[in-house]
Structures are given as C-alpha cells and as structure tokens.
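The entries below follow the order in which I looked things up.

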Amino acid sequence: MPKPVSEQVVVIAGASTGIGRATALAFAEQGARVVCAARGVQALDTLVREIGPERALAVPTDVADPVAVRALAAAAEERFGRIDTWVNNAAVGVWGKVEDITDEEFDRVMRVNFLGHVHGVRAALPALRRAGGGVIIGVASVEGIRSVPLHAPYTASKFALRGFYDCLRMELAQEGAPIAVSTILPASIDTPFFEHSRSKLGALPKPPPPVYAPEVVAESIVHAAEHPSREIPVGGAAVAFFLGQRLAPALTDAVMSIRRLGANVLRNDRPDNGVDNLDAPLDEPGQVHGSHPGPVLRHSTFTRLFGRLPRPGELLTAAVAKRHRQAS
C-alpha cells in the first residue's frame, strides 16, 4: 500500500503552471515534500517560495532530455532520501491542420508529451524500487480516448501515453512489483496551456466547454498517490468522449468536423500574439489558471462518484465474473 500523502516525497514533472502547479500546491497542503520540475526557472522559484523551501525543491528540467530526467530523480533522492510518487505532467501543444504543422513541431510535441513520460518512468522505477514501492501517475487526456480536429500532435501523444501506461502496468504486474500505475484523463481544463501553445488558427486556441478548474485534476492526482486507480477521468465530458468513440465514431467525426462548430469551440476571440513555449520556456512567474473567458467548473460530480472510466470490455468482464460467483 502507498504511504499516506502526508508522509510522501513526490516528484512532479511539468510543475511550473496549470495542472502541475495546482498539484504541487495540493500535495504540499497535505504535508508531502515536493520536487518541482519544469523548464521555467522563474516559475519554479515562485512555486517553491509559495510552498516553503523546507518542503519543496526546484529542479529545472527539460523532460525531452533523458539525462536531465535521471538527474531530476537523483536530486530528489539526494534531498529527501527517496521517491514515493512520480507524476508525469509536462506537455506542449501546436494547434493547426496536419499539413500546416511542420516536421519539427510534430517531433517536439512527441518528444515532450510522450517521450518525456517514458524518460520519467525509466528514471522513477529504480528509485521507487529502492523506496520499497510507490506510484507512477501519468497525466494523459480525454484526447487519448477521442481525437479532436486541429490538434493532431497532442492527440497522437495522448493516445500513445495510454498504450504506454497499459504496457507498463502489465509488466509491473507480471513482476509482482509493489508499484502502481494510474493514468489521469482530464477533459477541458482552464490552464495557461492554451495561451502557451503554438497556434496556426489565426487566433489563440481555447478549451471547448465544459471547462474545469485545474484544482479538480490536482485533487484526483493527490487521491491517486494514496489510492491508485487504473484510469481516472476528470470532468463529465469524458463520458461523451468515451461514448462517442465507442458507439458512434463516424457520427462523432461528422459533428466535430462541422466548420462553424470548430471555429466557435476551439478559437478564442483574442488574436494570437505569436508567443509560445514549444521550443523554450516563457520568462513568467507561473500561474495555475488560464484566461478562459467563460464559466469554469470547480467540481466534477462524475469524477467524485466514479473515479475512473471503464475500459472497453471491462463492464462485460465484470458481469461475467458476477454471474460466475453467483453460480458457484
């Protein structure tokens, strides 16, 4: 069983803004010691000051660099003696048509969003074994369940993450390792991700409604560190993504391909300022929330009640097992 959160040492990759920053603050609020990693030095420094330097450590890290990620793990163990939970959260984005996104942009998104998680897992596993076990938490997305237009590199990376964490989960189970793996599947979240993404839409992108606060995701991540689940959807919109993909994928394609719908849902009224964090961090102090102009939900009843999204076939498997128990 994982340690109580109050006794844990937690590494968070992608901690400078948005979900990662909210998660670092939530862990610290419950007494955990937190190692905060990201590329933005200024944002990390403000985060550590907010938490308190006695319980937080900033380690500037580009997760696309496996050597830097291994150094992150070593710094965490050197400062706090062990690692109990590792959270992979770093992500970048490019919005635009597939033919308008360059080879280099596709490559960079996959190196951060997918390989960054791979590097994190490979650095975390030896440390978690040395600690006697622990939890790996990967922040994917509902876009790993259902694709959306004009976001191909990000969507592809999130599909890849779900497959990667499934493989890891099975391998650790075969080994009998005391290491749990949870995948978080957020819906639309009001974070700076959208204004930090590179846009080829002629305007800043925005999250499609309903939009949730980053703290809702952070709550699920902190819960998973002590009570890990296979997959945890965040936001009731995850249900629509799952059902649309499973029951009527062609119809869902058609609905999401409507030009007017795409223009209204994905494009902000604000013009793109040409500033993004794809290749280099922004010199900003870091913040949890984005600039979504519409309503932002502070709670998700669906996430609280269900805690995870059934995978294809899981409901059937559960029903067969129940009948077997009744027959015996």
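**Entries on helix packing**

I found that the axes of α3 and α5 come within 8 Å and cross at roughly 25°; axes are lines fitted to C-alpha atoms, for helices over the stretch in contact, and angles run from 0 to 180 degrees between N-to-C directions. α3 is therefore roughly parallel to α5 (angles under 35 degrees count as such). Helices here are DSSP runs (H or I, at least four residues), and strands are runs of E, at least two, numbered from the N terminus.

I noted that the model is predicted: local features need pLDDT of at least 70, side-chain atom pairs count only at pLDDT 80 or more, and totals for chains, interfaces and linings use all residues. Residues are numbered from 1 along each chain as its sequence is written, and side-chain values use heavy atoms, with hydrogens and water left out.

I then looked up the length of α3, residues 66-80.

Which residues of α3 are buried? I listed A68, V69, L72, A73, A75, A76, E77 and F80 (buried means under 20% relative accessible area, with a 1.4 Å probe and protein chains only). They pack against β1 (9-13), β2 (33-38), β3 (56-60), β4 (85-88) and α5.

Last, I recorded that the axes of α5 (residues 115-130) and α6 (residues 152-175) come within 12 Å and cross at roughly 20°. These two helices are therefore roughly parallel to each other.

Notes: Parallel < 35°, antiparallel > 145°, perpendicular 65-115°, else oblique. Expected span 1.5 Å × (residues − 1). Buried < 20%, exposed > 50% of the residue type's maximum accessible area, 1.4 Å probe, protein only. Contact = heavy atoms within 4.5 Å.
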